[in-house]
Each structure stands twice: as C-alpha cells, then as structure tokens.
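Here is a short report on one protein model. Keep the sequence and the 3D view at hand while reading.

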Amino acid sequence: MMDVLHAASIEKDIWASGSANEEYLKALNALLSNFPRLRVTEPATICIPHLVTSLKTGSEATQEAALDSLYLLRQAWTACPAEVFKAQSVAASEAIPLLQYLIQSGPPRFQEKAELLLQCLPGTLTVTIKRGNNLRQSVGNASAFCKLTLGNNPARLTKIVSTGEAPEWDEAFAWAFDSPPKGQKLHISCKNNSKFGKKSFGKVTIQIDRVVMLGSVAGEYTLLPESKSGANRNLEIEFQWSNK
C-alpha cells in the first residue's frame, strides 16, 4: 500500500510542477523497478503524458529517464489486464513521432528501447495515392484506378480517372491498428477500367515495417512487371505511420 501511495505522491508533484524533471523520473524508475506491480496502477498510467512531454522538451538526460520509464511500463503490458494495457498504450502512442525521431536521429543508446516501444503502440497507417506516370496504352485513354489490399482488411479503391497517361488521384486511405502490423505488406495494383487496352498496368508491394520506423515515406514506385518498351510505369505514393 505504501509503495502505491509513494507513486501517487510523485505523480501529484509532477502535476503540480507541470513537468517531469530528471530527479522525479529517476525516483519513478526506482519505484517501477523495485515494485513491478506499480506499473499497472492508475498513478503509473496518469504519469504517461508527462513522460511524453519529457521526451519532447527535456534535456538528453531527462529524455533518457523518460524513455526508461516508458520501457518499464511496456514490460508489464503482456501480462497486465486488457484495460490497463489499452489505457497505457493509447496514452503512450502520443510519443510515436518522438520515438521515430529518436530512432533516426537520437543517441544510439536510445534506439533499441525506442524501437521496442514503437512496436507495441497503436497507430494509423495512412497511404496517399498521388498520381500515376506513363500509364499509356496503344488504343484510347486509360480509365485508371488503384486497388489497395492490406492483410485481411477489405480492399480499398481509388476513384476512376480518365485523363491520359498521368492520372491524378490524390486520395488518402487509413487503417487503424492496435499495434503495428509486423511483417505485413501493402499490395497496390493499378488497373484499367476502359473497354480498350490492357486491364492492368502492374502492381507494387510495400513492406509496412519500414514506414512504422521512419514515420513518413514518399516516392515513385515502379509498377511490376516493368515496361518492355519506353519509360516504366509508376505510382507516386506517400505513406505515414502516426498516432493520428
């Protein structure tokens, strides 16, 4: 009982100060390490937004202490009650862009814990199909559209665009996940709805894991199979993994 009250007292001090400094975080980490059952209590959950703020605005030492606190909480998620896991992981998901930044640009010692945290947090994959290039055919104009398939989710379709070989869709599609879809691939096929010409311009497959770690990825993706004559057909696509 005393350890729970102690944690609640620390949490109250954090609220009063409006921030979690290194001293508070080290004391919190000591409690979470020495009394693992504290990790699934309400005071621990309430501390998470302050930990996220410390990751965003604190010194490097404060960031490290906040990352350690979040990692200690994360260690309890596999065995804690479902409602506790959901509350804590949703609160911690506000740190997703910060963790992505630390993985790419933070001190090397931060990266492993940041990656392990990121792999447990709920997030949203947003895919924007910007435009196609070189979608030419020998007869008439194509009526092009894209079909997006991810795991067992229902397929998503863009609108049909009949504007020559460079159709512009600029359509965004979003999938929400309780945790990143590890190892899953997004399949995008570009098809022709016209009565004339080929029925498919090709397809591209994207590994989602890379998007989760980087946060945002954009580029031109060659449709396969590649064209045997002339410029390759491609799609301009943007990918984002975020807490939004």
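Four strands make an open sheet in the order β3-β2-β5-β6, and their pairing is antiparallel. Strands count as paired if DSSP finds at least two bridges between them. Helices (H or I, at least four residues) and strands (E, at least two) are DSSP runs, numbered from the N terminus. The edges of this sheet are β3 and β6, each pairing on one side only.

This is a predicted model: local features need pLDDT of at least 70, side-chain atom pairs count only at pLDDT 80 or more, and totals for chains, interfaces and linings use all residues. Residues are numbered from 1 along each chain as its sequence is written, and side-chain values use heavy atoms, without hydrogens and water.

Inside the sheet, β2 (residues 144–150) runs antiparallel to β5 (residues 185–192), with 7 bridges between them. Here Lys 147 faces Ser 189 of β5. On to the next pair: β5 also joins β6 (residues 200–207), antiparallel, over 7 bridges. There, Lys 191 stands opposite Ser 200 in β6.

A second open sheet also has 4 strands, ordered β4-β1-β8-β7, with antiparallel pairing. Its edges are β4 (168–177) and β7 (216–222); each has a single partner strand, so one side of each lacks a neighbour in the sheet. From one strand to the next, the twist averages 20°. That angle, on a scale from 0 to 180 degrees, is taken between N-to-C directions of axes fitted to C-alpha atoms, for helices over the stretch in contact. β7 pairs with β8 (residues 234–242) in the antiparallel sense, over 7 bridges. Ser 216 is placed opposite Gln 240 in β8.

| Residue | Opposite residue | Strand of the opposite residue |
|---|---|---|
| Lys 147 | Ser 189 | β5 |
| Lys 191 | Ser 200 | β6 |
| Ser 216 | Gln 240 | β8 |

Next, a loop. Ala 166 lies between β3 (156–157) and β4. Is Ala 166 buried, exposed or partly exposed? Its relative accessible area is 27%, so Ala 166 is partly exposed. Buried means under 20% relative accessible area, exposed over 50%, and partly exposed in between (1.4 Å probe, protein chains only). Leaving aside neighbours within four places in sequence, Ala 166 is in contact (heavy atoms within 4.5 Å) with Arg 131, Gly 132 and Asn 133. Asn 234 is 68 residues from Ala 166 in sequence, yet their C-alpha atoms are 9.6 Å apart.

Now a helix. α2 (residues 22–34) has 13 residues. From first C-alpha to last, α2 reaches 18 Å, close to the 18 Å expected at 1.5 Å a residue. The expected span is 1.5 Å times one less than the number of residues. Leu 25, Leu 28, Asn 29, Leu 31 and Leu 32 of α2 are buried. These buried residues fall within an arc of 160° seen down the axis, so they line one face of α2. The arc is that of the directions from the helix axis to the C-beta atoms. Turned away from the buried side, α2 carries exposed Glu 23, Lys 26 and Asn 34.

Finally, the whole protein. It has 8 helices and 8 strands. Of its 244 residues, 46% are buried. Among contacts with a separation of 6 or more, 66% link residues 24 or more positions apart.
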